[in-house]
Amino acid sequence: MDAFPKSLLDGYRSFMSGRYVEESARYRTLAEEGQKPQTLVIACCDSRAAPEMIFNARPGELFVVRNVANMVPPYEPDGQYHGTSAALEFAVEGLKVKNIVVLGHGRCGGIHAALSPEAEPLTPGDFIGKWTTLLKPAAEQINANSAMTAGERQTALERISIRNSLSNLRSFPNVAAAEKQGKLKLCGAWFDISSGELWVMDNKSGDFARPD
């Protein structure tokens, strides 16, 4: 056990003596009856943008899938390995979630990689380089705008990426059908790590605004 991070063990002991004691009945119910979350959140792997903390969620309230830059690939039933698509399928078909939220955030390293594909240590041949090509057309357009600062380009692509993922979600037949039937709502949001502000996307205009 020497190799296991001490900070995690300390955190676990704190969890067991604190939150688990407070939520023990809920955990037992979840163990016996299974999970029934209403919302799937597709978020980034970034340790600073955990959906459960941002939305102050209790155990069992959110079904969360996290990947680099909170991206959804297009529907591609090609027999390959698709972790995000598998989680999406389970959430829609198995859990019957009523909402899907694509949650982006400020200062995203994956978005930075998409804007700077030549930067070390990433190369076009590695996993992140391939993954971020999902944003290549948008990244090239933004990089071509010399009137924008680096920070403006970063924020712009972070938000465009959310809209791109929502569009890709609708390429999945089960998602498109459930949305059309009114059984599923798709939403986008962007979290500012430095200020804690949440910006929610308007589904009609695509604009982001802070909720009241």
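Reader: Which strands does helix H4 lie across, and at about what angle does H4 run to S2?

Author: This is a predicted model. Helix H4 covers residues 83–94 and lies across S1, S2 and S3. Its direction relative to S2 is about 170 degrees.

Reader: Which strands stand at the edges of the sheet?

Author: The sheet is open, with six strands in the order S2-S1-S3-S4-S5-S6 and mixed pairing. Each edge strand has a single partner strand, so one side of it is left without a neighbour in the sheet. The edge strands are S2 (62–67) and S6 (208–209).

Reader: How many residues apart in sequence are the parts tied together by Phe 63 and Phe 90?

Author: The two rings form a tilted aromatic pair, 5.7 Å centre to centre with 55 degrees between the planes. Phe 63 lies in strand S2 and Phe 90 in helix H4, so the pair ties together parts at a separation of 27 residues.

Reader: Is Phe 63 buried or exposed?

Author: Buried means under 20% relative accessible area. The relative accessible area of Phe 63 is 15%, so Phe 63 is buried.

Reader: Why are the buried residues of H7 on the same side of H7?

Author: The buried residues of helix H7 (residues 136–143) are Ala 138, Ala 139 and Ile 142. They are on the same side of H7 because the arc they cover around the axis is only 100 degrees.

Reader: Which helices do the buried residues of H7 pack against?

Author: On the other side of H7, Pro 137 and Gln 141 are exposed. The buried residues of H7 pack against helix H5 (109–115) and helix H8 (150–169).

Technical notes:
Residues are numbered from 1 along each chain as its sequence is written. This is a predicted model: local features need pLDDT of at least 70, side-chain atom pairs count only at pLDDT 80 or more; totals for chains, interfaces and linings use all residues. Side-chain values use heavy atoms; hydrogens and water are left out. Two strands pair if DSSP finds at least two bridges between them. Helices (H or I, at least four residues) and strands (E, at least two) are DSSP runs, numbered from the N terminus. Contact means heavy atoms within 4.5 Å. Axes are lines fitted to C-alpha atoms, for helices over the stretch in contact, and angles run from 0 to 180 degrees between N-to-C directions. Buried means under 20% relative accessible area, exposed over 50%, partly exposed in between (1.4 Å probe, protein chains only). The arc is that of the directions from the helix axis to the C-beta atoms. Rings of Phe, Tyr and Trp (its six-membered ring) pair if their centres lie within 6.5 Å; planes under 30 degrees apart count as stacked, over 60 as edge-to-face and the rest as tilted.
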